[in-house]
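Dear colleague,

I am handing over the structure below, and after it I describe what was found. Please keep it open beside this email while you read.

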Amino acid sequence: MALCERCSGKGEIVVEEKKCVACKGTGKAKSINLGELSEEQLSRALDGSCPVCDGTGCVKITEKCPECGGSGEITGHVDTPSVNLLSDLCDLQDLVVGDLYEGTVNGVTDFGAFIDLNKKMRGLIRSNNLGSDVAVGDTVHVHVQNVKPNGNIELIPKKLKEYQIVEIEKHFPEYRSSDLLKHVGKTVSIAGKVIHVKQTAGPTIFTVLDESGTVVCAAFERAGERAYPEVDSGTIVRVVGEASMRNQDIQIEVAEMKGLFGSDATGICDRIERALDILAEPQDVDFLIESEVTTSLKEGMRAVAKRIRRAIFSSQPIVLRHHADADGMTAGIAIERAILPLIRDVSGTDAEYYFYRRSPSKAPFYEMMDIVRDITFALGDQARHGQDLPLIILVDNGSTEEDVPAFRYTDVYGIDVLVVDHHHPDEVVDQYLCEHVNPYHVGGDFGVTAGMVCFEVARMINPDVTDEIKHLPAVSAIGDRSEAAEASRYIDLVSDRYSAAELSDIALALDYAAFWLKFQDGRGLLNDILNFGKLDRHQKLVKLLCDQAKSMIEDQLRVCMPNVRTQRLPNGVSLNVIDLEHFAHKFTFPPPGKTSGEIHDQICQKTDDPVVTLGYGPDFAVIRSRGAGMNIPQMVRELHDELVGAGVSGGGHLVVGSIKFVEGMRTEVLQRLAEMIGKLETDE
Ligand code: MN
């Protein structure tokens, strides 16, 4: 681009020179109204020269250079005038007399038309200058003729065929959201990505994420009216407004919010991405219990911790699902205790209600009912608040073929899924998962519980919680009857605070509470059971739950034991069968799985032989075993293939699990199952 020759690059030309009216051509300051002068003029007035003509005695009347349109440069479109479009933050200081502006007719009266130049500034076209009819809402182009000392703006309409719009921005210092506390009360600017939009009865609340965290921006149009409807979740914006405190959180009262596009937006995105990657990096912690299995899992656990931290720092919603037993609950709650303080820190005090949900799963896999519910919630939140779809974390759950139908839905929606489980894994699930941590992958087994692995993952996410959740892996070990070496080490770790009996009571209390909680997360109740609140309430509550659970178990066993049929199989296995449909209390605690487990434990105490216990109902069987070399998922597959028309499905752990089938084929299924058990190579 070249300098405009006509104006020598100044952008304006002198059309007339007049004697200065203020000093009558003398160049000396006369009595003048100091209040009307700018600071610069004032300083000249004080040293005696006329502030209007700068002491020269004459004033030059200039016009914008018609050649270059005021830019001072030749661009090729020399004849296209520039029309300024003022941002809402611009004020009188940004208005240049003689320039062209775009405005909107706000009202028409006898003496002229009022024109809004932005939300703050309104000028007047007098009737005698108003060439043609204008109506409220019309876009007009005007020339600023004069700005009176009282702030009145006098406008002359201009009919333009060709013109170019120049957006006039007002610049405010740009800060990172984490620095705003130091600038409360000031007008500031931030740039970031909108991650959540909430319409209240008053303002619209936008949550904006930048490289240092999030900040809430409140924009008010009219009560209950959606402000900036063009700005949605995912939009990269620049926000200008006053930094203020609301409750304990910093907030920006939005004066202007603008969507950014192109390189402006990608630059900000890249900045956020890089910052997120650093923030998400898990803490470097040593495991409280190092073992061959946990050490081999460490890399995968780090990846899980990093993905979870990333979700927290980008305010992506998190759905945490866990099996509804003592192991699943301790695993889930270890993660919950680690992430909640971070979610509150990053996204504000009430953020956990938008960005986090925990749900128990009755079955040890992701049932259709659960996934359909999770997707429905997620899509609802997306529609209402423009939230991202959630990160789904499955603990003590998610490793088996039975999870695949659900994963096909997460796949359709592109939802990231993390699994930390110790059920015997099926390879087929891995194609649907971002990360899958499972002791079986590294030569371990179910003895390393989900509660143990999640405890260490929780510490990687937020090491500050180590002390308060230290007893959770011990509870999980007892809940899942782990005989792994890690189990006794985790139990020893808290032996100064909890006896083995207390840990086992907590595990039972959890199982009992889980039964009555059904699909609720039961956070407060579980926090008391796990001793995160008052000690005496914890002790009373655990005692109450255990008393009730134990008496119901005793009652159930009194009914069941006389009805157990025991048979010694050719391979030395003691097979114990109970018809739970007819010889057990139904629809109460303990449910069939736990009932079979309790029966199994009683029988095991009386013998050293390999034992298999089979509790069956009309269309299901629950299996517990010891020393019999069982592989339940494998047996389920064989039964499924062999018994056409029996509809066999199920699974679980290798030695503990459940099978479903159609009622009419029960005899065939159970008979074949007993045959298979009789042929097992026992551990002895
Ligand atoms: Mn478990």
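Helix H3 (residues 292–313) lies across S17, S19, strand S20 (417–420) and S21, and runs at about 135° to S21; contact means heavy atoms within 4.5 Å, while axes are lines fitted to C-alpha atoms, for helices over the stretch in contact, with angles from 0 to 180 degrees between N-to-C directions. Helices (H or I, at least four residues) and strands (E, at least two) are DSSP runs, numbered from the N terminus.

This is a predicted model, in which local features need pLDDT of at least 70 and side-chain atom pairs count only at pLDDT 80 or more, whereas totals for chains, interfaces and linings use all residues. Residues are numbered from 1 along each chain as its sequence is written, and side-chain values use heavy atoms, with hydrogens and water left out.

The open sheet has five strands in the order S18-S17-S19-S20-S21, with parallel pairing (two strands pair if DSSP finds at least two bridges between them). Its edge strands, each pairing on one side only, are S18 (356–361) and S21 (435–437).

The manganese ion is coordinated by Asp-327, Asp-396, His-422 and Asp-480 at 2.1 to 2.8 Å; donors are N, O and S atoms within 2.8 Å of the metal (3.2 Å for Na, K and Ca), and water is not among the atoms, so sites may look incomplete. His-422 lies in the loop between S20 and S21 and Asp-480 in the loop between helices H10 (472–479) and H11 (485–493), so this pair ties together parts 58 residues apart in sequence. Both His-422 and Asp-480 are buried, meaning under 20% relative accessible area, with exposed over 50% and partly exposed in between (1.4 Å probe, protein chains only).

Best wishes
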